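The report starts from a single residue and widens to the whole chain.

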Amino acid sequence: GCLIPWLLFFLAVKILLVIGFINNILNNSVNLGQLIQFLLIMSIMSAWKHMQIQYIIMGLPRPSQVVTDSENASSDQNVETGGDLPPKYEDVAETPPKYDETMMKPN
């Protein structure tokens, strides 16, 4: 939406600069001003190309979400490979397990 006016503006500026540059080359001898004008044309072309690529990318459909959660990925792999899964919440006993007295004492 908002990118089209910028693309048209940069296109118009680029066309005017190229026409002026060609006119300057044909009518005058080579000088430093022409080099600066050439560098200006190249920078405008680079900016226009970047905005054009951005406009094209914005028109493409969004890529699918990639799962980056390592816990979900590892549990999915366990389900697929039939590995040892942790117990479900409903299957766990109501009371906590008994621990040895040696485990309960601080060092």
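Lysine 14 lies in helix 1. Helices (H or I, at least four residues) and strands (E, at least two) are DSSP runs, numbered from the N terminus. Lysine 14 counts as buried, at 15% relative accessibility. Buried means under 20% relative accessible area, exposed over 50%, and partly exposed in between (1.4 Å probe, protein chains only). Serine 43 is 29 residues from lysine 14 in sequence, with 9.8 Å from C-alpha to C-alpha.

This is a predicted model, in which local features need pLDDT of at least 70, side-chain atom pairs count only at pLDDT 80 or more, and totals for chains, interfaces and linings use all residues. Residues are numbered from 1 along each chain as its sequence is written, and side-chain values use heavy atoms, leaving out hydrogens and water.

**Confidence and fold**

pLDDT is the predictor's confidence in each residue, from 0 to 100. The protein averages 78, and 77% of the residues score at least 70. Helix 2 (residues 32-59) has the highest confidence, at a mean of 88. Helix 3 (residues 70-81) has the lowest, at 54. The protein has four helices and zero strands. Along the sequence the pattern reads α-α-α-α. Of the 107 residues, 12% are buried.

**Helix 1 against helix 2**

Two packed helices are described by the angle between their axes and the distance between the axes. Here, the axes of helix 1 (residues 3-27) and helix 2 come within 9 Å and cross at roughly 155 degrees. Axes are lines fitted to C-alpha atoms, for helices over the stretch in contact, and angles run from 0 to 180 degrees between N-to-C directions. Helix 1 and helix 2 are therefore roughly antiparallel. That term covers angles over 145 degrees; under 35 is roughly parallel, 65 to 115 roughly perpendicular, and the rest oblique. The contact of helix 1 with helix 2 involves 21 nonpolar residues, six polar and one charged.

**An aromatic link**

The count comes to two aromatic pairs. One of them joins phenylalanine 21 and phenylalanine 38, and is tilted: 5.8 Å centre to centre, 35 degrees between the planes. Rings of Phe, Tyr and Trp (its six-membered ring) pair if their centres lie within 6.5 Å; planes under 30 degrees apart are stacked, over 60 edge-to-face, and the rest tilted. Phenylalanine 21 lies in helix 1 and phenylalanine 38 in helix 2, so the pair ties together parts 17 residues apart in sequence.

**Accessibility**

| Residue | Relative accessibility | Class |
|---|---|---|
| Leucine 8 | 54% | exposed |
| Lysine 14 | 15% | buried |
| Phenylalanine 21 | 17% | buried |
| Phenylalanine 38 | 36% | partly exposed |

Leucine 8 is also found in helix 1.

Notes:
Ala, Val, Leu, Ile, Met, Phe, Trp, Tyr, Cys and Pro count as nonpolar, Asp, Glu, Lys and Arg as charged, and the others, Gly among them, as polar.
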